[in-house]
Each structure stands twice: as structure tokens, then as C-alpha cells.
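Today I looked up charged pairs in one structure. My notes follow in the order I took them.

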Amino acid sequence: MNYELFNPDHEIALAMNVKQFIPSRNVIQMKSDLAFLPALWAKKGDAIIVDNKAKAEQAYAALPLKHHTDVRFITMKDTALEIQANASINPWGWNMALREQFLQAGVPAELLPTEEKLRELRLLMGRTTAVQLSTRMQSVGRTVGIAEVCRHTYEVDKYLELYKNIVVKAPYSSSGRGVRFVNHIDDATSKWINNVIRQQEYITVERKYDKILDFAIELTAEADGSIKYEGLSVFSTNGGTYTGNILASEEEKMLMLTKYVSSKDIEKIICEVSRHLTDIIGKKYIGPLGVDMMIVTRHDEPGYHVHSSVEINLRRTMGHVALALSQRGEHGVMQTIIANGHFYLQLTNTENAK
């Protein structure tokens, strides 16, 4: 039996690193409106943990899916009453605050990650993992993008002077929050950089490239330490914020990429990323993860390149959701939209629109 949970406040909880906190009103609303989301990848009989069962059931039933999986919606208190020792609790992402929520609801501590394990995971979930991967990927053909860790503002100044246009990223951030594009450092940017370094110990810097296309490779870290490739994710962003995914076959998604880079190069990148992450992650993390990438151009070299380590998410991603839907026969576009202060998952079947 699997118990699934959507907790979009995960990265915020990682950054704060406390047992109790109150997310922003916007994040609370997203969690409430999209609580049903795990039903899109769950298996028959799995339980989806939500705050409002009736609301989640109604939202899930309203989705224009070819197939609705027979899942159960339960509260966290229900979970504490029924959960068995052999059950698996699978949130969107693990953090200290979520562990505390389960404990306060009455879920036995032995079914949850230990605090020591979560401290280890938090370090791994920071951007230093992407920095390690970017360094290792430099020898792979058609790849660009190397990130550097900075612990002082003057180090950021040095990279700005070198590259002229840089991307500065906080160690823990989500959907574009905590990422800034910088071509000069004014007082506000300097203050932000100093605050991030003070609160999160470091910041990462990399050269800015001209983006052509966002995509990702979706993976699973297995219990034996190996990394399993699950599929491609082709998605869109607006100002760094995720807006939607293509629902299509692997062949169709690969064709979108091979307009710019050969399938041989893409397959090599997938292979090398999986190999290096097997070494970097080992058995420290078990579960779904995604590596965000971009097809880019650069002014000093012709052709298209792949930025192979834009971001590493050691959690489930919207790319995993899109994969699950595509594998169940859905085709078109999956988008998250905001209307009248609420979040909605919109599925558009482009086949019917032709």
C-alpha cells in the first residue's frame, strides 16, 4: 500500500529547515486546490493524503481523463489510524516540517525518515549536487553550463566581470523563485545575495545562455543505488515559473529535441547524467527525481548545445506527472493555471483539436 501526498511547500521547508512553519497564502492555496495530483500517478488502491476529501474527489473526477484510477482520498489523521508497518509514505518531497506533521497526526516515527536522514537529504537536495554534476559533464559533447559555489559577494562580482550576464541561484528554491538573472549588481541585488548567503550559507553562479527549449530527464533512484531512466519531459516556463508539459510519446518528444541536437547526443547525455548521479547520490536518496535541462545557443560557438544540469530536483516533478499521463494514453498539453485566486490543472487534448 502506498500513501501519496502533494506538498508544494517542500522547497520552502528545505530553505527554512525548521520543524514548524506557515507557508505563504499562495502555496497553501495551491496545496489545497491540487491535493488530488498524486492520483495521476498512483496505482489502484493507493491512498492520497489530503486535507479536504470531498474537494479532492470532486477535482479529480472533473478531469477529462481517459482513465481514472481507483484510489482513496484520506486525511493525515486517517493515515495514522490505518497505516501498517509495510506501507510506503511517498510525499512530493521529504523535509523536516513534513516529518513533524506526520508525527503530530499520530503516524509512528518508525515509518518516517529519521531527522539524521533528513539532514543528509537536505544537503543533497541543495544546488551543490547540480554543481557537482555540471563539473562532471564538461567532457560530454554538445553540453555547456558549469555552476560555481560562492560564499561571498565579491566572488559573484568576479563571475559577473568574466561572463557579463550570469544566473544567480539560491541553494533551495522552486519554480523560478530564488533565481535571478544579473548583468549588473545594484543595491537591491547585492542585498538579496547577501541575505541568501547569510540564511543558506552559499549561492551558485553560472553563465547565462540564450534558451531555445526547456526539457528534463525524469529518473528514479533505486534502493540498490542505481539510477533508472524513466523518460523525457518537454515543458514550458514563464519568468522561470513552470507553466505546462507536453503529453506525448517518447518518440514525439525526442523529435522535438532532435530539431536542434542529434538523438545520439541526447542519448549520450542521458547515459552520462545517470552514471554520474549514481556516483553522486549513491544510496543516500531513493525515489523519483528530475534533471532540468535546456537547449541553448552561445555567442562564441555556432550551433545548439545542451545545458545538462540547470536544476536537479530530488523529488517527484511535474515531468513525472506528465509521464504518468502519457503512459496512460493522454495526449496534448498539461498546464497549471490560476483563475480567481485558485489553481487548476488543465488538460488539453491536441489530437481532438486537429
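Is glutamate 115 buried, partly exposed or exposed? I looked it up in this predicted model: glutamate 115 has 25% relative accessibility and counts as partly exposed. I needed the cut-off here, because buried means under 20% and exposed means over 50%.

Next I looked for the partner of glutamate 115. Its side chain meets that of arginine 99 in a salt bridge, at 3.9 Å from N to O. I noted that this pair links distant parts of the chain: arginine 99 is in helix 5 (residues 96-105) and glutamate 115 is in helix 6 (residues 115-125), 16 residues apart. Arginine 99 has a relative accessible area of 11%, so I wrote it down as buried.

I then turned to strands. Lysine 169 and glutamate 206 form a salt bridge through their side chains, with 3.3 Å from N to O. Lysine 169 sits in strand 7 (residues 166-169) and glutamate 206 in strand 9 (residues 203-207), so this pair ties together parts that are 37 residues apart in sequence. I found both lysine 169 and glutamate 206 buried.

Lysine 211 is partly exposed at 40% relative accessibility, whereas aspartate 214 is buried at 9%.

Last, I checked for shared partners. Salt bridges that share partners join Lys19, Arg99, Glu115 and Arg119 into one network.

Technical notes: Residues are numbered from 1 along each chain as its sequence is written. This is a predicted model: local features need pLDDT of at least 70, side-chain atom pairs count only at pLDDT 80 or more; totals for chains, interfaces and linings use all residues. Side-chain values use heavy atoms; hydrogens and water are left out. A salt bridge is a side-chain nitrogen of Lys or Arg within 4 Å of a carboxyl oxygen of Asp or Glu. Helices (H or I, at least four residues) and strands (E, at least two) are DSSP runs, numbered from the N terminus. Buried means under 20% relative accessible area, exposed over 50%, partly exposed in between (1.4 Å probe, protein chains only).
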